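Subject: Structure handover

Hello,

Please find the structure below, with notes on what was found in it.

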Amino acid sequence: MTDASKTDAPDTDERVKEMSSFRRSLIRPELGGMVGTIAVFVFFLLFAFDSGMFNSQGVMNWSIVSAQFMIIAVGACLLMIAGEFDLSVGSMIGFAGMMIAVFGVVLGWPMWITIIITFAICIAIGAVNGYIVVKTGLPSFIVTLAFLFILRGFTIYIPQTLENKTIIGGIRDAAEGDWLGAIFGGKIGGGLFEMLGNAGVIATFERGSRMGEPVVDGIPMMIIWAIALIVFGHVLLTKTRFGNWIFAAGGDSEAARNSGVPVNRVKILMFMFTAFCATVFATCQVMEFGSAGADRGLLKEFEAIIAVVIGGALLTGGYGSVLGAALGALIFGVVQQGLFFAGVESSLFRVFLGLILLGAVILNTYIRRMITGER
Amino acid sequence: MKNLITSLVIGAAVLTAPVAATAAGHSELKYVLVSHAPDSDSWWNTIKNGIALAGEQMGVEVEYRNPPTGDIADMARIIEQAAASAPDGIITTLADFDVLAGPIRAAVDQGIDVIIMNTGTPEQAREVGALMYVGQPEYDAGLAAGIRAKGEGVTNFLCVNHAIQQPTVGERCRGYADGLGVELGNSMMDSGTDPAEIKNKVLAYLSANPDVDGILTLGPVSADPTIAALQENGMAGDIHFGTFDLGEEIVNGIKDGTIAWGIDQQPFLQAYMPVVILTNWDRYGVLPGNNINSGPGFVTANGLTKVEEFAGEYR
């Protein structure tokens with residue numbers, strides 16, 4: 001009798017619903033993001049194909065804008081899955097950039113020390129954010145909103161007090177030849193692009209000191225950082241025990257705590273990671289542009305949250321995907337720059353963004369119900 | 001799924017309308033104007049009208065682009081984007097030389113003609129390889145305002161700065177202080193851009209500093225709430241009040257005596273002239289030999305009719 005039942009049903013479990021492998025591979029949190037990405041690219045291929053959007057310069061343009069969104073979206077995504085928000089991301093970007101300018105230019109410290117100290121300060125502020133949220137039980141919405149103002153205020157006050165101005169330049173000169181500066185502000189693959197330029201695959205400059213050089217002369221480190229952070233975030237979330245803790249902390253923190261998940265530690269670490277991502281964004285930006293301004297990063301926190309939500313994460317936590325957030329960021333970047341290429345009146349960008357957000361959220365809700373089986 | 005498709009279709013309909021409209025024109029030349037102004041800054045409406053009129057008269061296509069939040073780093077991306085779409089010319093402001101010089105120089109090297117308008121200096125325009133600069137040198141305009149205000153009896157002033165993040169705009173306050181011959185000190189106020197906040201900050205400053213006898217505002221964003229503040233505390237017409245730029249409220253203020261004068265940098269010219277110059281340069285190869293100063297021009301209660309008629313539209 002026991003033998004018979006074993007042979008009849010070797011590996012099946014009546015609690016697990018049967019699902020075809022096709023359906024299982026299709027129905028994922030990222031599905032909405034994938035559908036949206038395809039739709040957006042089809043749209044712009046139809047309406048902006050010959051506008052320069054898909055030549056080397058155009059591709060680099062929307063890639064780097066998307067990469068910017070991706071860097072902050074990865075942090076925002078993990079934090080949101082852990083059940084919290086960080087509204088101070090945009091102010092943190094401005095603040096981190098200004099710290100680099102103050103230490104590196106005004107005080108004249110070596111760039112690598114400057115960058116390391118800036119990271120330490122910003123991650124510490126992230127930890128303070130997390131600590132206050134965890135200890136007081138206040139909504140992170142309010143706590144980080146406070147830091148949105150505090151950091152923005154300092155970003156304006158510090159350079160005004162020290163230098164009597166709100167934009168500090170000269171960072172590029174200060175970072176010249178610095179090894180850590182190059183990791184954020186450099187470009188790689190220069191030789192390859194030069195070859196492509198010589199072969200006539202991509203356009204070259206027609207005049208000036210850079211005549212004959214390709215118009216795109218390498219892949220900026222910003223894009224490499226974006227890819228690295230996405231891979232890190234995805235592996236952390238889906239392949240490790242810590243990833244399960246993130247989901248648990250955001251899904252039902254009380255239940256997670258009772259089953260031994262260090263919820264507080266997870267949340268504080270995620271706030272620190274979000275601050276880290278914002279600082280990466282800021283460092284890449286000041287290294288590329290050579291100046292830090294008090295208005296940098298305005299509203300970036302919402303852009304990060306929008307990318308994450310387009311990518312299928314749930315605002316209330318416990319559900320989401322880093323790959324989805326990355327696709328959300330890609331959609332955001334392609335639409336923002338693509339509308340310029342398509343020659344659309346720029347004030348319509350917000351209309352379009354709103355429509356995408358609404359469409360994505362509705363679609364994602366259906367996909368989530370399919371996955372989780374909730375009604 | 002269906003919802004996404006529906007929303008995309010709606011989006012496509014919204015998008016194709018303006019695309020179709022521009023494609024229908026008989027234009028051969030295409031120019032892009034890139035500004036640093038956030039969507040909320042209504043002053044730039046005059047610029048939009050200026051390029052629309054110039055485009056219509058010259059028979060060319062001119063597009064207006066700006067970073068929605070006013071983030072200069074985003075503006076650099078827009079200039080790179082504009083260069084990638086290969087227009088015949090780019091008209092742009094130089095709000096932060098460090099950030100924008102690279103992208104502008106790359107566009108110039110790519111073979112695109114560039115004119116710097118509004119923000120920047122003639123020297124910086126030359127340095128990035130632009131054809132010319134069309135605008136009002138900020139410090140000089142502030143200095144002229146300060147000298148004039150000194151003659152009109154101002155000794156102690158408040159400068160209401162609604163754009164503290166833009167150093168070039170702050171130069172107006174510095175020039176004004178130098179024109180008066182006093183230290184800038186704490187006279188420059190970071191007012192923010194919210195009208196109610198500006199109004200209350202001005203009220204608070206004036207009651208805390210009763211010896212202030214002159215106010216300078218840097219545009220409609222700070223001038224309109226300041227007018228309201230002065231009307232509330234009864235100092236309207238009593239305290240000397242000068243402002244940069246014009247707008248409907250400012251014109252009314254000049255008329256009823258609240259404002260002594262408005263400094264018109266004539267934004268219309270900053271938008272209109274570059275389009276005309278670029279078109280003639282591309283068509284016939286002719287180019288004026290110098291930069292163009294669009295301002296400063298002092299607008300007082302005399303001769304307000306034209307200003308009033310076109311305030312917010314072309315003035």
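A residue is called buried here if 20 or more other C-beta atoms lie within 10 Å of its own, exposed if 12 or fewer, and partly exposed in between. Please keep in mind that this is a predicted model.

Helix 7 of chain B

By that cut-off, eleven of the 14 residues of helix 7 of chain B are buried, so the helix is mostly covered. The buried residues are Pro167(B), Thr168(B), Val169(B), Gly170(B), Arg172(B), Cys173(B), Gly175(B), Tyr176(B), Ala177(B), Gly179(B) and Leu180(B). What do the buried residues of helix 7 of chain B pack against? Within chain B, they pack against helix 6 (138-151), strand 6 (157-161), strand 7 (188-190), strand 8 (214-217) and strand 9 (240-244). Strand 1 (167-168) of chain A is also among the elements they pack against.

The length of helix 7 (residues 167-180) of chain B agrees with expectation, because 14 residues at 1.5 Å a residue should span 20 Å and the end C-alpha atoms are 20 Å apart. Just after this helix, Gly181(B) has a positive phi of about 80°.

Domains of chain B

In the contact between them, eight residues of domain 1 of chain B meet ten residues of domain 2 of chain B. On the side of domain 1 of chain B that touches domain 2 of chain B, five residues are polar, two are nonpolar and one is charged.

Strand 1 of chain B

Strand 1 (residues 30-34) of chain B is mostly covered, with four of its five residues buried. Which strands does it pair with, and in what sense? With strand 2 of chain B it pairs in the parallel sense over five bridges, and Val34(B) stands opposite Arg65(B) in strand 2 of chain B. With strand 3 (residues 89-92) of chain B, strand 1 of chain B also pairs in the parallel sense, over four bridges. There, Tyr31(B) has Gly89(B) of strand 3 of chain B as its bridge partner. Strand 1 of chain B, helix 2 (residues 45-58) of chain B and strand 2 of chain B together make a right-handed β-α-β unit.

Where the chains meet

In the contact between the two chains, 45 residues of chain B meet 52 residues of chain A. Helix 1 (2-23), strand 2 (61-65), helix 3 (72-84) and helix 4 (97-109) of chain B each supply at least two residues of the side of chain B that touches chain A. Helix 1 of chain B gives the most to that side, with twelve residues. By class, the side of chain B that touches chain A holds 22 nonpolar, 13 polar and ten charged residues.

Two places in chain A

Helix 3 (residues 31-47) of chain A has 17 residues, which at 1.5 Å a residue should span 24 Å; its end C-alpha atoms are 24 Å apart, so the two values agree. Its buried residues are Leu31(A), Gly32(A), Gly33(A), Gly36(A), Val40(A) and Phe44(A).

Leu358(A) lies in helix 17 (residues 349-372) of chain A. Is Leu358(A) buried or partly exposed? Leu358(A) counts as partly exposed because 13 C-beta neighbours lie inside 10 Å.

Regards

Methods. Residues numbered from 1 in each chain as written. Chains lettered and ligands numbered in written order. Predicted model: local features only at pLDDT ≥ 70, side-chain atom pairs only at ≥ 80, totals over all residues. Contact = placed C-beta atoms within 7 Å. Nonpolar A, V, L, I, M, F, W, Y, C, P; charged D, E, K, R; others polar. Expected span 1.5 Å × (residues − 1). Pairing = 2+ DSSP bridges. Right-handed = clockwise from strand over helix to strand, strands pointing away.
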